[in-house]
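Please consult the sequence and structure shown here alongside the text.

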Amino acid sequence: MSIPYEYYIALSGLLMVLGLIGVTVRKNIIAVLISTELMLNAVNIAFVAYDMKLNDVAGQVFVFFILTIAAAEAAVGLGLVMAIYRLRKDVDVEKLSELKL
Amino acid sequence: MSVIEQLVSGLGLPNFNVLIPEIILLLTAFAVFILEMFSKNRRVISAFSITGLLISGIYILVIILGILKLILSPITLREASANPFYSYILNNYLENFVTLYGLYVVDLFSLVFKLFLIIGTIFVLIHIRPYAEAKGSYYGEYYYLILFSLFGMFIMVSSPNLISFYVGLELMSISLYVLIGLYRKDYRSKEGAYKYLIIGGTGTAIVSYAIALLYGRTGTFDFREIAQTLIASNTVDVGLIGGLILLLVGLALKASAVPFHQWAPDAYEGAPTPVTAFLAVPSKIATYAIILRVVVEAFPSLTESWGFAWALFAAASMIFGNLVALRQKSVKRMLAYSSIAHTGYITAALAAPTGMGFAALAFYSIVYLFMGAGAFLLLASLEKNEGWNNTLEDFKGLAKKDPVSALLMLIFMFSLLGIPPTVGFFGKLGVFLALIGYNVWWLAVILVVTSIISAGYYLRVVANMYMYEPSFKGKINVSLVEKLSLGVLAVIVLILGIYPTQIWTLTTTISSLLMAGVGR
């Protein structure tokens, strides 16, 4: 018995929304970065699920692109977190904001 | 037969002739990457990357002129195939221009945008070394990161497919995240880069979710095949609507349209000023170009929906950008809000999904290159002086201390505002006429009213420069090379403002080719 693809889509939608909520409410800059990665992984699930529906492999190829790009983005993001921590000794979003409207 | 030979005989070799500018650009970037490790001579690195860009740009210019000659003037097919140059263009750019197995398209649209992206990048590269040396934050990484980012923009403007569009977008954005953070041990630069990374990363996730939804609905990544599937099925369901909305939101976020603009002012202010120019002008222009291509090629059956969505984004950007720019003390931040407002003016043209509207979008984004780059790069040159903070206060009496810089600033400000003998006027006029022609009166009225509001802050800079006694204590020194390159930009702004016919013909041609390609 296999699980219908709609369930996977629902899961990926849920993870996407959780990631969006995480970006807006988390206070730790590393947690915010993790939330963006969570969203990209939600997209991966959606692609594989749609491949199940369409009997295709193009979506799974796209997953490789997303994985690579997510890795690059995480590398740059962690580098910036390191730089910010060195300059301010803090990872709290609210204490860090200097640029204002 | 080896495996590779079998693969090649099955698929056929892609047409590499059309990729020559990209190959030159990429080779330059790698050569700069290696040169930067071994050579300490900064002028050599700078001159080398500018030369690579020039060669690539001249190649593209020659091809564009050849294509225009073939399309616009009555040369018969036989005459064309007799001439080696024309037959080269005919074979490569008018027939086999989709290459790399349908993932890359080199048509007139992408060539024109590539040419202007290269021009903008050359001006940024001229200004980056003096600025970085004066500020004590010289890194050789600037050069190859800018070149890689430019390569991402090239992929973006010539993508006929959601895969290459996505890869190009990310190559551009990730290089930009690093570039913004590359400013001494300055905290604000890191904060701006981090904000852009988080909000841009969210945008990436949203765009890729939109691609997933569209793929699930249509089963393909190709713009034209998506359009055909949508026209054939002719039903609108949740997957399609969700995919389109998320795609538009993600693109609006990358183009910094209100309400997704929060990253823009911070990233612009934190970045080293020449990088701000690169971020505000070439990267934005590539984004506008891909927005135009995606909506026109993939969703021709849903013009009303995306036209209305862009009308809302544009109205919000124009109103918010101009009103907030009024209360800024720092000219750099003011120009950041003005660039949000310009996103509004440019995308407003999409509310009129006609040939006129698309031509107006292309025209305005091309001419915005000259005035936007000019304004930001002039700030970069002034900022080199000790104690200059880019505040409105600093600009008081600039005309007495450095009349040439003040005059250049005056030209760029008038052009951004849209006062006649400058080209900004024709940009706004094109968008305005397109909106009137499609009966979107409310947006046309917002465009005019917000342009009048914007006089409040552009003219304040001019008034400060010419009507006050100097308040800035230090010396103002802008080097001759910088004055020359800024002068070239100002002269282009003035010449195009008096005689915009050439660029207008070019953009009308690419918009009609884009429209003609939709039915194919």
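A salt bridge is taken here as a side-chain nitrogen of Lys or Arg within 4 Å of a carboxyl oxygen of Asp or Glu. By this rule, B:Arg188, B:Glu191, B:Lys195, B:Asp266, B:Glu269 and B:Arg333 are joined in a network of salt bridges. The model is a predicted one, in which local features need pLDDT of at least 70 and side-chain atom pairs count only at pLDDT 80 or more, while totals for chains, interfaces and linings use all residues. Residues are numbered from 1 along each chain as its sequence is written, chains are lettered from A and ligands numbered from 1 in the order in which they are written, and side-chain values use heavy atoms, leaving out hydrogens and water.

**Salt bridges**

Over all chains, the structure holds 18 salt bridges. Side chains of opposite charge can pair when their charged atoms come close.

| B:Asp266 | B:Lys195 | 2.8 Å |

Helices are DSSP runs (H or I, at least four residues) numbered from the N terminus. Residues are called buried under 20% relative accessible area, exposed over 50% and partly exposed in between (1.4 Å probe, protein chains only). B:Asp266 is buried at 7% relative accessibility, whereas B:Lys195 is partly exposed at 23%.

The pair B:Asp402 and B:Lys483 also links distant parts of the chain, 81 residues apart. B:Asp402 is in the loop between α18 (398-401) and α19 (403-417) of chain B, and B:Lys483 is in helix α22 (residues 480-498) of chain B. B:Asp402 is buried, with a relative accessible area of 5%, and B:Lys483 is partly exposed at 23%.

B:Glu297 and B:Arg293 are both buried. They lie 4 residues apart in helix α14 (residues 282-298) of chain B, and are therefore separated by about one helical turn.

**Helix α5 of chain B**

The buried residues of helix α5 (residues 84-93) of chain B are B:Tyr86, B:Ser87, B:Ile89, B:Leu90, B:Asn92 and B:Tyr93. Their cover includes α3 (42-72), α4 (77-82) and α6 (108-134) of chain B. At the start of α5(B), a side-chain oxygen of B:Asn83 comes to within 2.9 Å of the backbone nitrogen of B:Phe85.

**Interface of chains A and B**

Contact means heavy atoms within 4.5 Å; 44 residues of chain A are in contact with 40 residues of chain B. The two chains bury about 3600 Å² between them, 76% of it on carbon and sulfur atoms. This buried area is the accessible area (1.4 Å probe) lost when two parts are put together, summed over both. The count of salt bridges between chain A and chain B is 0. On the side of chain A that touches chain B, α1, α2 (29-54) and α3 (58-88) of chain A each supply at least two residues. The most comes from α3(A), with 16 residues.

Conventions: A polar contact is a pair of N or O atoms within 3.5 Å; within protein, one must be able to donate a hydrogen and the other to accept it, and residues adjacent in sequence count only if both atoms are side-chain atoms.
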